Amino acid sequence: MTWLRCADAALFKLVSLLAQLFLLAAVLVGFWQVVTRFMLESPADWSEITTRALLIWAVLLGVALAFRHGAMLGVDFLRTLLAAPAQRLLAWVVGVICMGFLGMLAWVGGQMVWRVRFQTLPSLEISISWVYLAIPVGASLAAIAVLARLLDRAAVTELRNDAQG
């Protein structure tokens, strides 16, 4: 089981690093867009779509991280009414529903990637499927994150963040 924990930690460290790099790149490209448009008065035609694609990737990778750390919003009303064994059962039921939804999202996203593989982004001259690929990748990583969170024994002790008071 320790190799599984190591693989989980390594995977989500990589996901975190990629999400941060995509976000940083989006900021830099967006800054370049402002410089070229308003200071040089010759806007770069590739910067807007590049920023958009980088933000899409950053968000979908960030969703997987949020699922892994248990930072997604939830309603605790029902859970607080239940005893501990029923709370664990409820967590598994919710987790299975989430994994089912994320699996469906990954499947439909994969079909979209396949369907648009011949469309190109005019300003970048690459296939738009590289942007759409963020959907199945992000959804698959989020499903893995939900499963890892459910299997993680440390997840039994709930982590609270500032948003939860």
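The questions and answers below walk through a predicted model.

Reader: How many salt bridges does a search of the whole structure find?
Author: A salt bridge here needs a side-chain nitrogen of Lys or Arg within 4 Å of a carboxyl oxygen of Asp or Glu. The whole structure was searched on that basis, and the count is four.

Reader: Arg5 forms a salt bridge with Asp152; how far apart in sequence are the parts that the pair ties together?
Author: The closest N and O atoms of Arg5 and Asp152 are 3.1 Å apart. Arg5 lies in helix 1, while Asp152 lies in the segment after helix 6 (134-151). The pair therefore ties together parts separated in sequence by 147 residues.

Reader: Is Asp152 buried or exposed?
Author: Buried means under 20% relative accessible area. Asp152 has a relative accessible area of 16%. So Asp152 is buried.

Reader: Is Arg5 buried, partly exposed or exposed?
Author: The partly exposed class lies between the buried limit of 20% and the exposed limit of 50%. Arg5 has 41% relative accessibility. Arg5 therefore counts as partly exposed.

Reader: Asp152 also forms a salt bridge with Arg68; which helix holds Arg68?
Author: The closest N and O atoms of Asp152 and Arg68 are 3.4 Å apart. The two residues belong to parts 84 residues apart in sequence, so the pair ties those parts together. Asp152 is in the segment after helix 6, and Arg68 is in helix 2.

Reader: Is Arg68 buried or exposed?
Author: Arg68 forms a salt bridge with Asp152. Asp152 is buried. Arg68 is likewise buried.

Reader: Which residues are linked in a network of salt bridges?
Author: Asp152 forms a salt bridge with Arg5. Asp152 also forms one with Arg68. The linked residues are Arg5, Asp8, Arg68 and Asp152.

Reader: Glu48 forms a salt bridge with Arg52; what separates the two along helix 2?
Author: The closest N and O atoms of Glu48 and Arg52 are 2.9 Å apart. Glu48 is partly exposed at 41%, and Arg52 is partly exposed at 42%. Both lie in helix 2 (residues 47-69), four residues apart, so the separation is about one helical turn.

Reader: How many disulfides does a search of the whole structure find?
Author: Cys6 is exposed, with a relative accessible area of 53%. Cys98 counts as partly exposed, at 24%. A disulfide needs two cysteine sulfur atoms within 2.5 Å. For the whole structure, the number found is zero.

Reader: Which residues make the nonpolar surface patch?
Author: The patch covers about 540 Å². Patch residues need over 30% relative accessible area. Leu21, in helix 1 (residues 2-39), has 45% and counts as partly exposed. The patch is made by Leu14, Leu17, Leu18, Leu21, Leu24 and Leu28.

Reader: The charged end of Arg117 sits over which ring?
Author: A charge over a ring must be within 6 Å of the ring centre. The charged end of Arg117 is 3.7 Å from the centre in question. The ring belongs to Trp114.

Reader: What is the phi of Glu41?
Author: Most residues other than glycine have a negative phi. Glu41 is in the loop between helix 1 and helix 2, where it is exposed at 67%. Glu41 is not a glycine, yet its phi is positive, at about 55°.

Reader: Where is Glu125?
Author: Glu125 is a residue other than glycine with a positive phi, near 55°. Glu125 is also exposed, with a relative accessible area of 69%. Its place is the loop between strand 1 and strand 2.

Reader: Pro122 and Leu89 are 33 residues apart along the chain; what distance separates their C-alpha atoms?
Author: Pro122 lies in the loop between strand 1 (120-121) and strand 2 (126-127). Pro122 is exposed, with a relative accessible area of 71%. From the C-alpha of Pro122 to that of Leu89, the separation is 50 Å.

Reader: Is Ala106 buried or exposed?
Author: Ala106 lies in helix 4 (residues 84-115). Its C-alpha is 33 Å from that of Trp32, a residue 74 positions away in sequence. The relative accessible area of Ala106 is 14%, so Ala106 is buried.

Terms used:
Residues are numbered from 1 along each chain as its sequence is written. This is a predicted model: local features need pLDDT of at least 70, side-chain atom pairs count only at pLDDT 80 or more; totals for chains, interfaces and linings use all residues. Side-chain values use heavy atoms; hydrogens and water are left out. Patches are made of residues with over 30% relative accessible area and no salt bridge: like charges are joined within 9 Å, nonpolar side chains (Val, Leu, Ile, Met, Phe, Trp, Tyr) within 5 Å. Accessible areas come from the Shrake-Rupley method with a 1.4 Å probe; for residues, only the protein chains shown count as cover. Buried means under 20% relative accessible area, exposed over 50%, partly exposed in between (1.4 Å probe, protein chains only). A charge sits over a ring if NZ of Lys or CZ of Arg is within 6 Å of the ring centre and within 35 degrees of the ring normal.
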